Amino acid sequence: MANFTPISAAIGGGLIGLSAVMLMLSIGRIAGISGIFGGLLDFSGEEKGWRVAFIVGLILAPLIAGLIGHEMPSPQMPASWAIIIAAGLLVGFGTRLGGGCTSGHGICGVARLSVRSVASTAIFMVAAIATVAITRHVFGI
């Protein structure tokens, strides 16, 4: 939280919301990253073009911001690769189990007043708080 700036956070949040609205208005799809990425892994499915464009945009946006002089934070992972891989698998399993991820439920679903998304987002947040509390205070990671 040392690098938190309310203005850049508000601009970033606004851009995320704008992109979700643009995707919904243009092709009627929800901007859930797990669903978009999962659709790319389904080789029998269609609609690959917009999914590729969305993922490429996610990758290019920070690269372009860095090229125009915006200082980018360096990622820090204070855990071993085994923990990072286990955490990634658990997130993927939870995403499939919950029918979506935080972006799909938390941004798009809550904005649409979906009861399922409000419940899912509340569960995500409680699980995240419990995970941080356990890993920091029990395991000291």
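Modeller: Before we start, a residue is called exposed when its relative accessible area is over 50%, and buried when that area is under 20%. Anything in between is partly exposed.

Colleague: Why is Leu113 called exposed?

Modeller: The relative accessibility of Leu113 is 71%. The cut-off for exposed is over 50%, so Leu113 counts as exposed.

Colleague: Where is Leu113, and what makes its phi worth a remark?

Modeller: Leu113 sits in the loop between helix 5 (102-111) and helix 6, just after helix 5. Its phi is near 60 degrees, which is a positive value in a residue other than glycine.

Colleague: Why is Ser19 placed in its accessibility class?

Modeller: Ser19 has a relative accessibility of 30%. Ser19 belongs to helix 1 (residues 6-27). Between Ser19 and Phe54 there are 35 positions in sequence, and their C-alpha atoms are 9.5 Å apart in space.

Colleague: What makes Thr95 buried?

Modeller: Its relative accessibility is 14%. The limit for buried is under 20%, so Thr95 counts as buried. Thr95 is a residue of helix 4.

Colleague: Which residues does Thr95 touch, if neighbours within four places in sequence are left aside?

Modeller: Thr95 is in contact with Ser34, Gly100 and Cys101. Contact requires heavy atoms within 4.5 Å.

Colleague: Which residues of helix 5 are buried, and what covers them?

Modeller: Ser103, Gly104, His105, Cys108 and Gly109 are buried in helix 5. Their cover includes helix 1, helix 2, helix 4 and helix 6.

Colleague: How much of the protein is buried?

Modeller: Of its 141 residues, 18% count as buried. The exposed surface comes to about 10,500 Å², with carbon and sulfur atoms supplying 74% of it.

Colleague: What is the pattern of the protein along the sequence?

Modeller: The pattern reads α-α-α-α-α-α, with 6 helices and 0 strands. Among contacts with a separation of 6 or more, 34% join residues 24 or more positions apart. The C-alpha atoms fill a box of roughly 45 × 40 × 30 Å along the principal axes.

Colleague: What is known about the largest pocket and its lining?

Modeller: Its volume is about 1,100 Å³. The lining has 25 residues, and Ala87, Val91, Ala128, Thr131 and Val132 are the ones nearest the centre of the pocket. Helix 4 (81-98) and helix 6 (115-137) each supply at least two lining residues; helix 6 gives the most, with 9.

Colleague: How many lining residues of the largest pocket fall in each class?

Modeller: The lining has 18 nonpolar, 6 polar and 1 charged residues. Ala and Val count as nonpolar.

Colleague: What is the predictor's confidence in the protein?

Modeller: The average pLDDT is 87, and 97% of the residues score at least 70. Confidence is lowest in helix 2 (residues 33-41), at a mean of 86, and highest in helix 6, at 91. Where pLDDT is low, the predicted coordinates should not be read in detail.

Terms used:
Residues are numbered from 1 along each chain as its sequence is written. This is a predicted model: local features need pLDDT of at least 70, side-chain atom pairs count only at pLDDT 80 or more; totals for chains, interfaces and linings use all residues. Side-chain values use heavy atoms; hydrogens and water are left out. On a 1 Å grid over the protein atoms alone, a cavity is a set of points where a 1.4 Å probe fits but cannot get out, and a pocket is an open set with protein on both sides within 12 Å along at least five of seven lines; lining residues have an atom within 4 Å of a point. Grid points are joined across faces, edges and corners, and a volume is the space filled by probe spheres set on the points. Helices (H or I, at least four residues) and strands (E, at least two) are DSSP runs, numbered from the N terminus. pLDDT is the predictor's confidence in each residue, from 0 to 100. Buried means under 20% relative accessible area, exposed over 50%, partly exposed in between (1.4 Å probe, protein chains only). Accessible areas come from the Shrake-Rupley method with a 1.4 Å probe; for residues, only the protein chains shown count as cover.
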